[in-house]
Amino acid sequence: MKQKNIRLFIMFATCFIFVFTIAVVNENKIQVIETSSALSLSNEKIGWGIKRNNNHEQPDLGVKNKTIIDKYNGIAMGNKEKPYVYLTFDGGYEAGYTEKILEVLKQNDVKATFFITGHYLNTQPDLVKKMIDEGHIVGNHTVNHKSMPDIDNNTIKKEVMDLHTAVYEKFGYEMKYVRPPKGEYSERTIDCTNSLGYKTVMWSFAYDDWDENKQGKEEYGKKKILDNIHNGEIILLHSTSKDNSNILDYCIKEIKNMLLGIAIMLAVITVHLFLADKLITDFIAIIGMGIVVLGYCSRDGDNKPTK
């Protein structure tokens, strides 16, 4: 009886070791496949940058930027023939100005996109709720604002989806758009965020408004913004800037006047918004023809924003 028990124990132990070994081999095999897939795409870190043009013409995005953003159906600039401007804000933390920014947007009937971090959500849930309640888009700027090319795909997924889940659990709101922290990306990182169901949104205008040491230069900010208005512009402003909160009302009114003049010359009657060949009923934000248009009017493919 004793020998029989010993034999049974040995058989059981052998089976357990065999099954455990197979499981480990399969897990390693999956890891190798995932790693090989990730390594097949370039992880060259690219810092988003543009070359500005004069006379309110669209800037040069650069060959590398445009190639990758087009390949992965990202958004960086709208249709150059249509007088629309898209307003976006990045907010890693609250500096005390977002409440005023929201009020200015409300008074001017303008909707914007706010890209937030995990810190912003955790410290300012009431403001995030207000953004959503007032019809703005809330975008994903990741949990910890890490440069994506510096982290692996699993970490990127955690950075994006942990914030996605937290926003959904708090407000029942599904985020759709992601802006890479610091404007740093690679082909691998955009492919990764695409696989999570996100669309990458860059910009065609930004200035050094993020620098707290350069506040108190409101005329400088106005000039930078208004001198660079162009059709299809995606404006990046930082909600941490006191100057932006003070000049926003003036700039919105001036932009509307500028675009109204262009629209009259072009005899534009209807406004349509398309993103990446798919008709949608939401928006990043449109300031145009002296009014803000929400949604779409028809399936006129000529109005699809270019990447």
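## A tour from the core to the loops

Of the 307 residues of the protein chain, 48% count as buried, and the model you have open is a predicted one.

**First stop: the nonpolar core.** Select Leu87, Phe89, Leu105, Phe114, Ile225 and Leu248, which are the residues with the most contacts inside the largest nonpolar core, a set of 64 residues. Helix α9, residues 242-266, supplies the largest share of this core, namely six residues. Now centre the view on Leu248 and ask which residues it is in contact with, once its neighbours within four places in sequence are left aside. They are Leu87, Phe89, Ile101, Val104, Leu105 and Leu237.

**Second stop: helices α6 and α7.** Next select residues 153-171, which form α6, together with residues 187-195, which form α7. Two packed helices are described by the angle between their axes and the distance between the axes. Here the angle is about 50° and the axes lie 10 Å apart, and the two helices are therefore oblique to each other.

To see where the two helices meet, show the side chains of Asn153, Ile156, Lys157 and Val160 in α6, and of Arg188, Thr189, Cys192 and Thr193 in α7. Sorted by class, this contact has three nonpolar, three polar and two charged residues.

Staying on α7, which of its residues are buried? The list is Glu187, Arg188, Thr189, Ile190, Cys192 and Thr193, and among them Arg188, Thr189, Cys192 and Thr193 also take part in the contact with α6. Moving past the end of α7, select Gly197, which follows the helix and has a positive phi near 90°.

Go to the loop between β1 (46-47) and α2 (63-71) and select His56, which has a positive phi of about 60° although it is not a glycine. His56 is partly exposed, at a relative accessible area of 39%. Then move to the loop between α3 (98-107) and β3 (113-116), where Asp109 is placed. Asp109, also a residue other than glycine, has a positive phi near 55°, and with a relative accessible area of 46% Asp109 is partly exposed.

Notes:
Residues numbered from 1 in each chain as written. Predicted model: local features only at pLDDT ≥ 70, side-chain atom pairs only at ≥ 80, totals over all residues. Heavy atoms only, no water. Core = buried A, V, L, I, M, F, W, Y, C linked by side-chain atoms within 4.5 Å. Buried < 20%, exposed > 50% of the residue type's maximum accessible area, 1.4 Å probe, protein only. Helix = DSSP H or I, 4+ residues; strand = E, 2+ residues; numbered from the N terminus. Contact = heavy atoms within 4.5 Å. Axes fitted to C-alpha atoms, helices over the stretch in contact; angles between N-to-C directions. Parallel < 35°, antiparallel > 145°, perpendicular 65-115°, else oblique. Nonpolar A, V, L, I, M, F, W, Y, C, P; charged D, E, K, R; others polar.
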